[in-house]
Amino acid sequence: MSEFNTIARPSAHVGKLLENKTLFPDPPTRGPLAQYRKQATIDWRKLKLSFHDETSIELQHRVWDFARKHPLFAHPNQTLTMDEERHLATKRMYVVQNEKMFTISDFLERPDLATIYHQAWIAYEPSMAVKYSLGFGMFPSVIRTLDVGRLDEIVERNEKGEYLGAFGLTEIAHGTNAKGMRTTATYDPTSGEYILNTPDFEAAKCWIGNLGKTCTHVIVYAQLYTADGKHHGLNAFVVPVRDPTTLQAYPGVTVGDLGAKAGLQGVDNGFVMFRQYRIPRDNLLARTGDVNEQGEFVSPFKDPAKRFGASLGALSGGRISICGIANVYLTKAITIALRYSASRKQFGPDDSEEEWPVLEYQSQQFRLFPHLANNTVIRVFNLWFGKAYGDMQLKLLGGENIGATGMEVHALSSAAKPVCTWAARDGVQECREACGGHGYLKLSTIGDLRGNNDPNCTYEGENNVLIQQASNWLLSVRAKGYEKFAEVSPLGSAQFLAQYASLSKRKANWKSPTDAGSIASRS
């Protein structure tokens, strides 16, 4: 991970960089936190450089400086209605898209910076960032990954801000069981079109971010049938649902708004139903399977299960992104709770009238420090994973066969999202409680962090089911022999299992808590 390590840079350059007051402003010298800053045994600037290089830090500051100066990004001083939040999030989203602070060219040069850019906006304004990432991030990314060069115009118009995208997999009666989806797409060879149909309300696509009010196109997963009645599984289609000029739904399309939620009120989640709605043949994302002009289904995959997995593999990016989002929420919550604990005084020695900051008490430290440590480890992992995924996307865009990497990324993202989002869920709640009643105030923002993180545990795969997906991958490899883990894990996440025979015989030689906590004793 030299990309995120100061060791990889000349010491003279690092020293000069640390003196950059724009990137590393001096903290206040007065106030309740000053004494703790003086006691610190590490240089916070070097710690930050161990996570981010100069380019990524500059990108973060460019985002925050832009938001700080633009009047539309001023934080409201009163609670907004749901409609007001949505209007504001939408306006901000288009401002960001038009600003072009991070483009596909930037991604091709440094794919890892996409994660940094997105998280910088999440830290500032989650609803806008989620809308933006869905409409101008995930939407074109999935098309580029699964298209065969037929939908370039849609991607280009999305880039210009003329089209806004969304992603529709879940249905009212089916979420986790993707194979049970009931929306159909039947190919009509006489017109060269697919006919989309929703049999009943239980099959309505729902929880689609941006669909409630604003999107023009949706990537819809539907069961594909050819004219001969044969079923070819779940496939992805790019479906225009609204006129981009009027935002009125097209005939044959029924769209609705899901209304208020527990968090992310600026995101307009909606549902959609189709009534014998026709779309062009080219709108099938055909990299994993296509219907030719004769109406025959053709695919480079002989195994339908592998084809289905490859089609859903494009969703890994969403789960990886959620890992980073949850990490940002916990970072903010733990920062607020620790600073509050250093400022809030309560009790003191029996023979003194002086009160101590609650951070001095072991009970408060035991509540907060484990979450701080956990969050730091997760941050390091997310930076590595984001880069690994970005590198894989570059290979896909270049037409390379990613082979086992795709399966490992799918399994790893399925395991990581529960770990990251549950860590944030538990950590943010502990931070709220550690701040007492004041943490419950709206102005503390911890309640908002809790509400905004909550859906992370559910969308892009319900956490408990995702763990089973990761387990299924591990078990399927194990069935072929432990030595297979050396072949199926190019990223190295499971390679250690190839040495199961020797590792399972090792025993801990710890004799004290100090030994257990020592990195050297674990080698």
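The structure is a predicted model. An unreviewed UniProt entry annotates residues 166-275 as "domain: Acyl-CoA oxidase/dehydrogenase middle".

Helices come next. Two packed helices are described by the angle between their axes and the distance between the axes. Helix α11 (residues 316-343) packs against helix α13 (residues 404-434) at an angle of about 20°, and their axes are 8 Å apart. Angles under 35 degrees count as roughly parallel, so α11 is roughly parallel to α13. The crossing of α11 past α13 is left-handed. Sorted by class, the residues in the contact of α11 with α13 are 18 nonpolar, six polar and two charged.

The remaining features involve aromatic rings. In the whole structure, a search finds 20 aromatic pairs. One of them joins Phe66 and Phe73 edge-to-face, with 5.9 Å from centre to centre and 65° between the planes. Phe66 is buried because its relative accessible area is 15%, under the 20% cut-off. Phe73 is also buried, with a relative accessible area of 0%.

Tyr482 and Tyr500 form a stacked pair, 4.2 Å centre to centre, with 15° between the planes. Tyr482 lies in the loop between α15 (463-478) and α16 (485-488), while Tyr500 is in helix α17 (residues 500-503), so the pair ties together parts that are 18 residues apart in sequence. Tyr482 is partly exposed, with a relative accessible area of 23%, and Tyr500 is partly exposed at 39%.

Elsewhere, one aromatic cluster is formed by Tyr94, Phe102, Tyr117, Tyr132 and Phe136.

Key:
Residues numbered from 1 in each chain as written. Predicted model: local features only at pLDDT ≥ 70, side-chain atom pairs only at ≥ 80, totals over all residues. Heavy atoms only, no water. Axes fitted to C-alpha atoms, helices over the stretch in contact; angles between N-to-C directions. Helix = DSSP H or I, 4+ residues; strand = E, 2+ residues; numbered from the N terminus. Parallel < 35°, antiparallel > 145°, perpendicular 65-115°, else oblique. Left-handed = near helix turned anticlockwise from the far one by under 90°. Nonpolar A, V, L, I, M, F, W, Y, C, P; charged D, E, K, R; others polar. UniProt positions renumbered as here; feature names shortened; annotations may be inferred. Phe/Tyr/Trp six-rings, centres within 6.5 Å; stacked < 30°, edge-to-face > 60°. Buried < 20%, exposed > 50% of the residue type's maximum accessible area, 1.4 Å probe, protein only.
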